[in-house]
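Here are my notes for you, one point at a time. Have the model open while you read.

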Amino acid sequence: MLDNSNLKKTLQNQGFGFFALIDPDFKNDTILDQIIECVNNNNFSAALVGGSSISDEKYSQRLKQIKNKLNKPVILFPGSSNQIDKYADAILFTSLLSGRNPKYLIEEQVKGVELIKEYGLSVIPTGYILLDSGSKTAVETISKTTPLDSSDYKNVLYHSLAAQYFGMDFVYLENGSGAGNTIDCKLIKYVSKNIDIPIIVGGGIKSKEDILSIKNSGANFVVLGTLLEQKPNSEFISTLLS
Ligand code: 1GP
């Protein structure tokens, strides 16, 4: 169990680990308990909780369920300032640096700070970088931003360095939830060799091979979302994470 009082530092110094992504939306209602159990029973450092959009009014109720039952830190990963909630330990305070939409670069963040302060959430500043995975993802559609061309290594690095120079604690290279493929490992290696802050990688991870390649490329955290929803089975996930 991680020490919540210094979650950010603990995660930064972890070397390599896993984040479970839990989307607290209506679509996961019937499997939410299974997902929570799976996260509890496996080697996840924390759960990222949030979604691009929530289709009903039960977001906070589900978050409470997650917070009460999960024996790991709950880190909000909000799609907008509306998803800031008290049933969490921390928040991945992201800015969508790959995009040029002020709403996701700074406006939603400014809207969110009052509640973040009121709830005393631990803040983890993170540069969020959406990469082109070959097909349109929810983040792209909702944020109305263009992902970075993942073959332009220098541009991806420069965005990652911007996150570092802003003083952010992590850079999150995102291929989009449910992406057909994972991020090019040569790109991860190139970025990791040239920045000093830890890298979170997510989007389209489906197998142990994917995880090992991403780990060997120098990433610090791998995010599993869709896979957990498709197979919320502790044994399966345990084989994957071991
Ligand atoms: C999305 O990177 C995460 O923000 C997880 O992606 O759902 O494809 O695992 P998947």
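1. Let's begin with A138. At 41% relative accessibility, A138 counts as partly exposed, because that label covers whatever falls between buried (under 20% relative accessible area) and exposed (over 50%), with a 1.4 Å probe and protein chains only. A138 belongs to helix α5; helices here are DSSP runs of H or I with at least four residues, strands are E runs of at least two, and both are numbered from the N terminus. Look across to G51 too: 87 residues separate A138 and G51 in sequence, yet their C-alpha atoms are 9.4 Å apart in space.

2. A word on what you are looking at. This is a predicted model, where local features need pLDDT of at least 70 and side-chain atom pairs count only at pLDDT 80 or more, while totals for chains, interfaces and linings use all residues. Residues are numbered from 1 along each chain as its sequence is written, and side-chain values use heavy atoms, with hydrogens and water left out.

3. Now the ligand. Which residues come nearest to the ligand? Of the 13 around it, they are E174, S177, G178, G204 and T226, where "near" asks for a heavy atom within 4 Å. By type, the shell has five nonpolar residues, seven polar and one charged. For that count, Ala, Val, Leu, Ile, Met, Phe, Trp, Tyr, Cys and Pro are nonpolar, Asp, Glu, Lys and Arg are charged, and the others, Gly among them, are polar. Strands β6 (170-174) and β8 (221-224) each supply at least two residues of this shell.

4. A polar side-chain atom of S177 is 2.5 Å from a ligand oxygen, and a backbone N or O atom of G178 is 2.7 Å from one. For Y172, a side-chain N or O atom lies 3.0 Å from an oxygen of the ligand. How much of the ligand does the protein cover? It covers 97% of the 300 Å² of accessible area that the ligand has on its own, by the Shrake-Rupley method with a 1.4 Å probe.

5. On to D169, in the loop between α6 (153-165) and β6. D169 is buried, at 10% relative accessible area. Its side chain makes a polar contact of 3.2 Å with the side chain of K8. A polar contact is a pair of N or O atoms within 3.5 Å; within protein, one must be able to donate a hydrogen and the other to accept it, and residues adjacent in sequence count only if both atoms are side-chain atoms.

6. K144 deserves a look at its backbone. Most residues other than glycine have a negative phi. K144 is not a glycine, but its phi is positive, about 50°. K144 sits in the loop between α5 (138-143) and α6, and is exposed, with a relative accessible area of 70%.

7. S151 also lies in the loop between α5 and α6. Is S151 buried or exposed? At 57% relative accessible area, S151 is exposed. The side chains of S151 and D149 are joined by a polar contact of 2.8 Å. S151 and L187 are 36 residues apart in sequence and 7.8 Å apart in space, C-alpha to C-alpha.

8. Last, Y190 in helix α7 (residues 185-194). Y190 is partly exposed, at 26% relative accessible area. Its C-alpha is 8.8 Å from that of K154, 36 residues away along the chain.
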